[in-house]
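Welcome to this short tour. Please take a moment to look over the sequence and the model before reading on.

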Amino acid sequence: MKQTNTNRQWRLKRFVGADEIIGPQHFELVEAPMPEPAEGQILVRTLLLGTSPAQRMYISEERQFHTPVEIGEIMRGRGVGQVVASHHPHFAVGDIVQGALGWQDYAVLDAAAPELSDHNTGAVRKVLEPVRPLTTVLGLFGQLAFSAYVGIIEIGQVRRGDTVVISAAAGGVGTIACQLARIQGAKRIIGIAGGAEKCAWLREQALCDVAIDYRAGDLLGALQQACPDGIDVYLDSVGGDMLDTALQCLALNARVVLCGMISTEYQRPRPPGPTHYFNLLYRRSRMEGFFVFDYVERWPEFERALRQWYSEGQLRVFDDVAEGLEHAPAALGSLFSGGNMGGRIIRVSDDPAELPMA
Ligand SMILES: NC(=O)c1ccc[n+]([C@@H]2O[C@H](COP(=O)([O-])OP(=O)(O)OC[C@H]3O[C@@H](n4cnc5c(N)ncnc54)[C@H](OP(=O)(O)O)[C@@H]3O)[C@@H](O)[C@H]2O)c1
């Protein structure tokens, strides 16, 4: 991986329209001088950047996010980095940290309050037990997994014998959710994904009992066949027609967990809501959404459980790594075109060699 002494930065060139896929055309890659940390700040070399569909909100034409990215600003993004200069007593050169690094090789971060939650603040947190691959900080022991954990365990309350359906099953949250459903004792795990290749991968690698290609048509028929006793838990990351179809297949006392709605969230005008919501009443069921940052106090607990399952061989890493900062716009765009299998992560520079393996 190329090391650099200038600071490449992706800056926003134009906003993303409701019907556009995010790509390099929306950004400009510029070379800036190396930044200098002031007193109380640290200089961090970016190692990895995470991606999330929610990043689209920062840069959409409709200025809907409370602090959007403006034209000319560095694209906002969370990641993992290594401290290369420190003017703060809590951080030493070599420390691995995570936080809002932005799409750039180097970030100067205000490290004044490292004990604070890093949600949407400039604050940065030390990674206490860093291991290789460092992608686990963002994926299996990070926010993708915490989202799957809240969806499957906290809200979905998956239990022994359940039939669990997971949409966007081949994605970052989805692949971990499938594995957590298995750990919780689900009887049958059905993943929904786009395309035959992804579905074969879900069956062979990600341990789904059944994988349904929603692009092949007749999703309702496929779900009814896969879930003869109905769906006990549906983890929905897609919304729209897929949610409406799943609502037609609920078992009694089902739990429908709203994790995301990538198929409709960014559409304008907003499409009509589900027509089969009355099934929640007929099937005495519950539909509930969540926001993973509401659980920030419990992340250490989630991480301990995930590390334990990983050490027992019950969890596998499914990361889909794009190599190089230059690919960041396409990597983010791929979440909307279904170009990823596993959590989409951008490698900006190599993991430090001295870290132990996970
Ligand atoms: N509630 C929370 O706190 C929280 C936290 C994190 C993430 N999320 C949500 O969780 C979901 C997954 O996030 P992620 O980061 O793990 O992304 P991801 O699942 O890795 O990537 C998104 C996937 O969505 C699928 N997709 C895209 N457009 C679609 C469409 N029109 N219809 C059906 N499927 C579509 C694609 O897979 P296919 O090839 O299968 O179409 C794509 O791979 C997102 O909805 C995200 O907003 C919520």
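Predicted model: local features only at pLDDT ≥ 70, side-chain atom pairs only at ≥ 80, totals over all residues.

A polar contact is a pair of N or O atoms within 3.5 Å.

**Around the ligand**

How many residues surround the ligand? The shell holds 26 residues. The closest are Val 173, Lys 198, Tyr 214, Val 292 and Asn 340. Helix H3 (143-155), helix H4 (172-183) and helix H10 (328-337) each contribute at least two residues to this shell.

| Residue | Part of the residue | Distance to a ligand oxygen atom |
|---|---|---|
| Gly 172 | polar backbone atom | 2.8 Å |
| Val 173 | polar backbone atom | 2.8 Å |
| Lys 198 | polar side-chain atom | 2.6 Å |

Taken alone, the ligand exposes 910 Å², and the protein buries 89% of that.

**A closer look at helix H4**

Thr 175 has its place in helix H4. Is this residue buried or exposed? Thr 175 has a relative accessible area of 1%, and buried means under 20%, so Thr 175 is buried. A polar atom of the Thr 175 side chain lies 3.3 Å from the backbone oxygen of Gly 172. Leaving aside residues up to four places away in sequence, Thr 175 touches Ala 169, Ala 170, Trp 201, Phe 318 and Gly 342.

**The parallel sheet**

Now for the strands. Strands of a sheet pair through backbone hydrogen bonds, either parallel or antiparallel. Here, an open sheet of 6 strands runs in the order S10-S9-S8-S11-S12-S13, with parallel pairing. Which strands stand at the edges? They are strand S10 (210-213) and strand S13 (286-289); each has a single partner strand, so one side of each is left without a neighbour in the sheet. On average, neighbouring strands of this sheet are turned by 15° against each other, direction ignored.

Within the sheet, strand S8 (residues 163-166) and strand S9 (residues 188-193) pair in the parallel sense over 4 bridges. Val 164 stands opposite Ile 189 in S9.

Two helices lie across strands of the sheet. Helix H5 (residues 196-204) lies across S9 and S10, and runs at about 170° to S10. Helix H6 (residues 219-226) lies across S8, S9, S10 and strand S11 (231-236), at about 175° to S10.

Ala 206 is found in the loop between H5 and S10. With a relative accessibility of 1%, Ala 206 counts as buried. Its contacts, not counting residues up to four places away in sequence, are Cys 178, Trp 201 and Phe 318. Trp 201 and Phe 318 are also among the residues that Thr 175 touches. How far is Ala 206 from Cys 227? The two are 21 residues apart in sequence and 19 Å apart in space, C-alpha to C-alpha.

**An antiparallel pair**

Finally, turn to strand S1 (residues 7-12). S1 is mostly covered, with 5 of its 6 residues buried. S1 pairs with strand S2 (residues 27-32) in the antiparallel sense over 6 bridges. Arg 8 stands opposite Glu 31 in S2.

Technical notes
Residues numbered from 1 in each chain as written. Heavy atoms only, no water. Buried < 20%, exposed > 50% of the residue type's maximum accessible area, 1.4 Å probe, protein only. Pairing = 2+ DSSP bridges. Axes fitted to C-alpha atoms, helices over the stretch in contact; angles between N-to-C directions. Contact = heavy atoms within 4.5 Å. Near = heavy atom within 4 Å. Polar contact = N/O pair within 3.5 Å; in protein donor to acceptor, adjacent residues only side chain to side chain. Areas by Shrake-Rupley, 256 points an atom, 1.4 Å probe, with all protein chains shown as cover.
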